[in-house]
Amino acid sequence: MAAGVELGFAAAPDGAWRLRSAYFPSKIGGRPAWLGEAGLPSPAALRCGRCQQPCAFLLQLYAPLLDRPDAFHRTLFVFACRGAACYRLPGPRGPLCVFRNQLPRRNDTYPEEPPPEEPPPDPSTAPPRRLRGGAALCRVCGCLGPRACGRCRLAAYCGPEHQALDWRRGHRRSCGQHAAGDDSADAIPEHNEFLFPEYEILIEPEEPEFPADSSVGPDDEQGAADTSKDRKEQEDLRATGSAGEAFQALDEETLEAMAKHETEEDKIFQMFKEQVAAEPEQIIRYCRGGEGPIWVSGENIPEEKDIPNCLCGAKRIFEFQIMPQLLNHLQVDSLGESIDWGTLVVYTCANNCGEGNEYLEEFIWKQDFSAGSVELPSSS
């Protein structure tokens, strides 16, 4: 990806063939389109750190490093627990995890030349049961499936939860009804109760707020700022009048601290809203090692010590963040209970280690909206 901030947007895929690994997709939901075939994350690595249930594939971002021959192909994979309660519990290694994988241009899986833009002669849309290297994939989630059906020995699963789910969804009827090696009769259900809806991620550079030929000048900006300031002062006065009695019992030092905190919170959230206002549909903000994330709150912003170093010893740096707008595409609302976040921020190894082409776990930080902020409106 190029320098500067790049934005990602969810779009209906232009043919399911574009979401296959051979086309190096950036995508949301469905099953992962694995990049390298060796060293996939184990089922244990893809379990929620809170409830220990399997995490669902959330998205992958194709992010090659043009200055690194060993990262000619490079993809980041994010997984998320489907349990809403897990997002409200404190503690490390929560309901989210992220993995990085990379390959040189010359490798054993893909040709050196880029794939054609037109659909292949046989654009099969069936989810793969095995990688070309022979590794079996779970019929439900598409992740590594070391567990086999005890009856037919053909269906693979990441664990007992998905084996039971697939059995209920139809494998019980087709299990053992066809010869070994001929699994065409045993169609894999969509499993939409576990998988997130599938979209392609389109990447575009972020346009500057005020282009060089913009007709908005400094005086206009100052006038807008003054108007905003006046409106804010009027709102503060109204709030002070209505809440004055409640504050009478508080000492001046406490009132001053509360006012300062509220002002800082308002400022940070207002900056967040202004930053995304030009492109409210954005679901990704990417800028590896450059401009940092934009925060939705002054609370729970990580310090340097909060971001663990990579296993190789190098520091981790900001690479991209996932915006709250993505939640509108995931169909997760259920009676007011759903997974939730203000923003998810991914940090990766500054040295981009991993010459063995294995999948390496990186670090993801979840920040929620503060109690006083108002979440961005849904566009749907």
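Helices and strands here are DSSP runs, numbered from the N terminus. I am working from a predicted model.

**Entry: phenylalanine 196.** I looked up phenylalanine 196 and found it in the loop between helix 1 (160-174) and strand 8 (199-205). Phenylalanine 196 is buried, its relative accessible area being 2%.

**Entry: cysteines.** How many disulfides does a search of the whole structure find? I got zero. Cysteine 55 is buried, at 2% relative accessible area. For cysteine 152 the closest cysteine sulfur belongs to cysteine 149, and 3.8 Å is again too far for a bond. Cysteine 152 also counts as buried, with 14% relative accessibility.

**Entry: salt bridges.** I counted 20 salt bridges.

- Arginine 105 pairs with glutamate 113, with 3.8 Å between the closest N and O atoms. The pair falls within the 4 Å limit and therefore counts. Arginine 105 is partly exposed at 34% relative accessibility, while glutamate 113 is exposed at 53%.
- Lysine 315 forms a salt bridge with glutamate 304, and their closest N and O atoms are 3.0 Å apart. Both residues sit in the loop between strand 9 and strand 10 (316-322), so the bridge ties together parts 11 residues apart in sequence. I have lysine 315 as partly exposed, at 48% relative accessibility, and glutamate 304 as exposed, at 59%.
- Lysine 366 meets aspartate 368 in a salt bridge of 3.0 Å, N to O. Is lysine 366 buried or exposed? Lysine 366 counts as buried because its relative accessibility is 18%, and the cut-off for buried is under 20%. Aspartate 368 is partly exposed, at 35%.
- Arg18, Glu117 and Glu200 are linked in a network of salt bridges.

**Entry: surface charge.** Which residues gather in a patch of negative charge on the surface? I found Glu204, Glu207, Glu279 and Glu281 there. I followed up one of them, glutamate 279, to the loop between helix 3 (252-277) and strand 9 (284-286). Glutamate 279 counts as partly exposed, with a relative accessibility of 32%.

How values were computed. Residues numbered from 1 in each chain as written. Predicted model: local features only at pLDDT ≥ 70, side-chain atom pairs only at ≥ 80, totals over all residues. Heavy atoms only, no water. Patch = residues over 30% accessible without salt bridge, like charges linked within 9 Å, V, L, I, M, F, W, Y side chains within 5 Å. Areas by Shrake-Rupley, 256 points an atom, 1.4 Å probe, with all protein chains shown as cover. Salt bridge = Lys/Arg side-chain N within 4 Å of Asp/Glu carboxyl O. Lys, Arg positive; Asp, Glu negative; His and termini not counted. Charge placed at Lys NZ, Arg CZ, Asp CG, Glu CD. Helix = DSSP H or I, 4+ residues; strand = E, 2+ residues; numbered from the N terminus. Buried < 20%, exposed > 50% of the residue type's maximum accessible area, 1.4 Å probe, protein only. Disulfide = S-S within 2.5 Å.
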